[in-house]
Amino acid sequence: MEKNVVVVGGGPTGMWLACELRLAGVPTVVLEQDADIDQHSRALTVHPRTIETLALRGAHVELLAEGGRIPSGHFAVLDDRLDFRPLDTDFPFTLTIPQARTTELLQARAVALGADVRRGHRVTDCVVTGGGTDGAVADGTDGAVTVSVRGPDGAYAMEAAYVVGCDGTRSLVRERAGIDFEGTRFTALGALGDVVLADPPSGPVTSEWTTDGTLMLVPLSGGRHRIALHSPEDLRTDWPGELTIEEFRARVRRITGTDYGMHSPSWLSRYGNTSRLARHYRRGRFLLAGDAAHQHMPMGGVGLNVGVQDAMNLGWKLAVAFHGRAADALLDTYHDERHPVGADTIEHTQAQTALMAGFSPQGSALRSLLGKLIAEQPQLQDALAERLSGLSVKYPAPGGRHHPLAGCRAPNLRLSGTEHLFDLLEDGRPVLVDFARAADTGGPGADSDGADARRYRCPRVGEQSRPAWASVSAALIRPDGYVAWASDETEPAVLSAAIGKAVAALHHPEPERHHA
């Protein structure tokens, strides 16, 4: 029986992972317990790095066509929003698009690529068979995970080479893997409602902070608006029960002086700042991504984005491991690279919660001071914007001395008159960009160097706006768009030898630690 990779959970994270695995020819089954996509979309925001992530595969066009573009983001609902326009990206804006629609688009892509998407199929158990009782992978071929499922036609079981939990904060996969989910219980709540407004405000985003509470309002499709708010009564550790339209209307009016004529709610909900992080993102044949790996206050709309970027980091690594073309240590780098991102996400969402929920004169003074510092210090504004947008993520470079670009995200460099870097990554393979320094045999063009990487020859990048790239002679770009290796070497023989080592190390990194 052919083994599959089983992805548990059919949200944006699970669907994008399925896309990546199928692009690499991995037989993939997505098991989602809900028969239909939930139309109550807590997430509305797609940040610049996530748009880039989709653009690396040419999967961003429909989202751009349907989403509303906002050239800014908020940090703790401060009066001045963070300007995304100076960011070094082709997409210096956030998209507002319901999570349900994002899921629909990614699911359609996954199915078109050949993923077996099974909705209404609930995973009831995952048990390791062979290869060690904890799911340890000995040689990449022994062992499996038996996945028990209850579908519309009854119970069945299937065998998986790997199981990836994209099944949310109550992850069954995480529980069966024996991975601790560590953190703190909520100390602050929020309330949101999707409502019709008889007298809506103008503009794409409305936000307000007072000592009576804070509010954000954005338009949705179909004539509805999303309102999210926090107020002093939300600073609590007990659950107050279901949110009613009467309570919601009164709280909006208290903060803004009007309820905008709200009526006909399609969704009312509460949420909290419970923050937890999986101790390990991988345990043998079990892996975690998205909300199964990290839980936090939905500040700045980062949750969906971090999950999709988890999937992008994991997808190419899991694919080459499944096909037996990578050392087991490559899968360990998924934890090493993404676990710190999860921890950082919790830190800055908790910091924003504290700033937003400081409903006092002292809290107001702190917000005012921070707002002034951001306005007076462009570098602080840019740093916060890069952090919120996801563009600031940098992965640790292995070994000792390395190029400053190693581990950084690669921008969409212009490589010829018609091609950009992102164009070369659409097939999900790594690319060695040779800036006419090593074994150059002609003008721009691509050589097929086998499964490990392909080489693209082009003139050296000379963009003054990117001085870090001006002297680069060659760079190895991973399938997820990060720089695996770069060099400024000018001696052809030395550079060629270094290229060979870098390509070999891409799928066979030196093991630094193992996660049991």
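The model is predicted, so local features need pLDDT of at least 70 and side-chain atom pairs count only at pLDDT 80 or more, while totals for chains, interfaces and linings use all residues. Residues are numbered from 1 along each chain as its sequence is written, and side-chain values use heavy atoms, with hydrogens and water left out.

Cysteines come up first. A disulfide here is a pair of cysteine sulfur atoms within 2.5 Å, and by this rule the count is zero. Take Cys19: it is in no disulfide, and the nearest cysteine sulfur, that of Cys166, sits 12 Å away. Cys19 also counts as buried, at 1% relative accessibility; buried means under 20% relative accessible area, exposed means over 50%, and partly exposed lies in between, using a 1.4 Å probe and protein chains only. With a relative accessible area of 19%, Cys408 is buried.

On to the strands. Strands (E, at least two residues) are DSSP runs, numbered from the N terminus, and two of them pair if DSSP finds at least two bridges between them. Three strands make up an open sheet in the order S3-S7-S4, and the pairing is antiparallel. Strand S3 (45-46) and strand S4 (68-70) are the edges, each pairing on one side only. S4 is joined to strand S7 (residues 94-96) by three bridges, and Gly68 stands opposite Thr96 in S7.

Asp434 has Arg457 in S24 as its bridge partner. In a regular strand, side chains alternate between the two faces of the sheet. Strand S24 (residues 454-457) is covered on both faces: Arg454 and Tyr456 are buried on one side, and Arg455 and Arg457 are buried on the other.

Finally, the backbone angles. Most residues other than glycine have a negative phi. Ala76, though, has a positive phi, near 60°. Ala76 lies in the loop between strand S5 (72-73) and strand S6 (82-83), and it is buried, with a relative accessible area of 0%. Ser264 is not a glycine either, yet its phi is positive at about 50°. This serine, Ser264, belongs to strand S17 (residues 262-272) and counts as partly exposed, at 39% relative accessibility.

Conventions:
Helix = DSSP H or I, 4+ residues; strand = E, 2+ residues; numbered from the N terminus.
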